[in-house]
Amino acid sequence: MRITKKWSLTLTVVLLLSLLATACGGKKEEATKVRIGEVTRSLFYAPEYVALSQGFFKEEGLDVELTTTPGGDKTMTALLSNTIDVALVGSETSIYVSQQGSDDPVINFAQLTQTDGTFLVARKKPDNFNWNSLKGSVFLGQRKGGMPQMAGEFTLKKHGIDPQKDLQLIQNIDFANIVTAYASGTGEYVQLFEPQASIVEQEGKGYVVASFGVESGHLPYTVFMAKQSFMKANPGTIQKFANAIQKAQLWVAAKSVDEITEAVKPYFQDIDVAIIKNVVKRYKDQGSFATDGIVDEAEWNNLLDVMTKAGELKEKVAWSKLVDNSYAEKAKANVK
């Protein structure tokens, strides 16, 4: 009888230990898959790559798949057709969708960059740059209807220059070919993103003389957005996503240019490290990287003004209609 009791007690202990082991070392919760479509691969989006390289998405239980869908139209098409879940693109695209009368609006929920990312490059280095020097010049601009061109025209008008009358504005060259066109002699001035601006400088073919980002002020320039239906069906996933972006934004704000360069370098293996450092420093110094994901109303209204002056806005779309700051606000409050 004693032997039976001993074996019974031993078996009970073994079962209890087994249950405890299962509870403590059970199957790990499976990560939630999120498909991001970025409008281009750009150092301007450094905090996005930091969120990936530093494991902030993984910490939030997200398995992120990043694809580049060149052009705002392609990125929005991918989002609307459910090829991607989240788009990283200019806020103006959500306004264009709204103007078409969509039943499932695209909602901005986490801002990444808060200024334009282009620079004015001159063929000759001036002793003292003055915007009036553009009058009568040949200006190689960006695609009509895109935020770079709208921010560019907004800045020119701010300085008393009519883009259609006071200079020869060229807009019929594809984005990918603008640098080549300028290097071959087209235009006295050109509006360029980084790293193209820094590369042109390094090669001695032009000089950065002004920043359209500084000149046009704060804008919800590049924002993570999703269809309203996706956000309603997956509020937990959107919150985790906003948390990861907030972690990355705080990291970028706190770290040195060298540390940020090291973190994003794997995503730009074809670009010289010295160029990466120069670009990161330029964007960091002018405050292009947002420090939180909140799209405030003043930024939104500035965007509407820029679009209105460019003739691209049919009617003003209320900030409250296409922006949901609740996830970014919660992330800002909770992520330290």
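Predicted model: local features only at pLDDT ≥ 70, side-chain atom pairs only at ≥ 80, totals over all residues.
**Entry 1: confidence**

The protein averages a pLDDT of 91, and 92% of the residues score at least 70.

**Entry 2: the largest pocket**

I next looked up the largest pocket, and its volume came out at about 870 Å³. Its lining is made up of 37 residues, and those nearest the pocket centre are Val39, Gly71, Gly72, Arg143 and Gly146. Which helix gives the most to this lining? I listed helix H4 (72-80), helix H5 (92-99) and helix H6 (147-158) as each supplying at least two residues, and among the contributors it is H4 that gives the most, with six residues. Sorted by class, the lining of the largest pocket holds 16 nonpolar, 14 polar and seven charged residues.

**Entry 3: the second largest pocket**

For the second largest pocket I noted a volume of about 170 Å³. Its lining consists of Gln142, Phe175, Ala176, Ile178, Val179, Leu192, Phe193, Pro195, Gln196, Ile199 and Val200. Helix H7 (178-183), strand E8 (189-193) and helix H8 (196-202) are the elements that give two or more residues to this lining, and the largest share, three residues, comes from H8. By class I wrote down nine nonpolar, two polar and no charged residues for the second largest pocket.

**Entry 4: a cis bond beside that pocket lining**

The peptide bond that runs from Glu194 to Pro195 is cis, with omega near 5°. I placed Pro195 in the loop between E8 and H8, and both of those elements also contribute to the lining of the second largest pocket.

Asn82 sits in the loop that joins H4 to strand E3 (86-89).

**Entry 5: H6 against H14**

How do H6 and helix H14 (residues 297-309) cross, and at what angle? I found that their axes come within 9 Å and cross at roughly 85°, and the two helices are therefore roughly perpendicular to each other. From H6, the residues in contact are Met147, Met150, Ala151, Phe154 and Lys157, and they meet Asn302, Leu303, Val306, Met307 and Lys309 of H14. I counted this contact by class as seven nonpolar, one polar and two charged residues. H6 is also one of the helices that I noted for the lining of the largest pocket.

**Entry 6: H2 against H11**

The last pair I looked up was helix H2 (residues 46-53) with helix H11 (residues 235-254), which pack at an angle of about 110° with their axes 8 Å apart. An angle of 65 to 115 degrees counts as roughly perpendicular, so H2 is roughly perpendicular to H11. On the H2 side I recorded Pro47, Val50 and Ala51, which meet Ala244, Ile245, Ala248, Gln249, Trp251 and Val252 on the H11 side. By class, the contact of H2 with H11 has eight nonpolar residues, one polar residue and no charged residues.

Definitions and conventions. Residues numbered from 1 in each chain as written. Heavy atoms only, no water. Axes fitted to C-alpha atoms, helices over the stretch in contact; angles between N-to-C directions. Helix = DSSP H or I, 4+ residues; strand = E, 2+ residues; numbered from the N terminus. Parallel < 35°, antiparallel > 145°, perpendicular 65-115°, else oblique. Contact = heavy atoms within 4.5 Å. Nonpolar A, V, L, I, M, F, W, Y, C, P; charged D, E, K, R; others polar. 1 Å grid on protein atoms, 1.4 Å probe; cavity = no way out; pocket = protein on both sides within 12 Å on 5 of 7 lines; lining within 4 Å. Points joined across faces, edges and corners; volume = space filled by probe spheres on them. pLDDT = per-residue confidence, 0-100.
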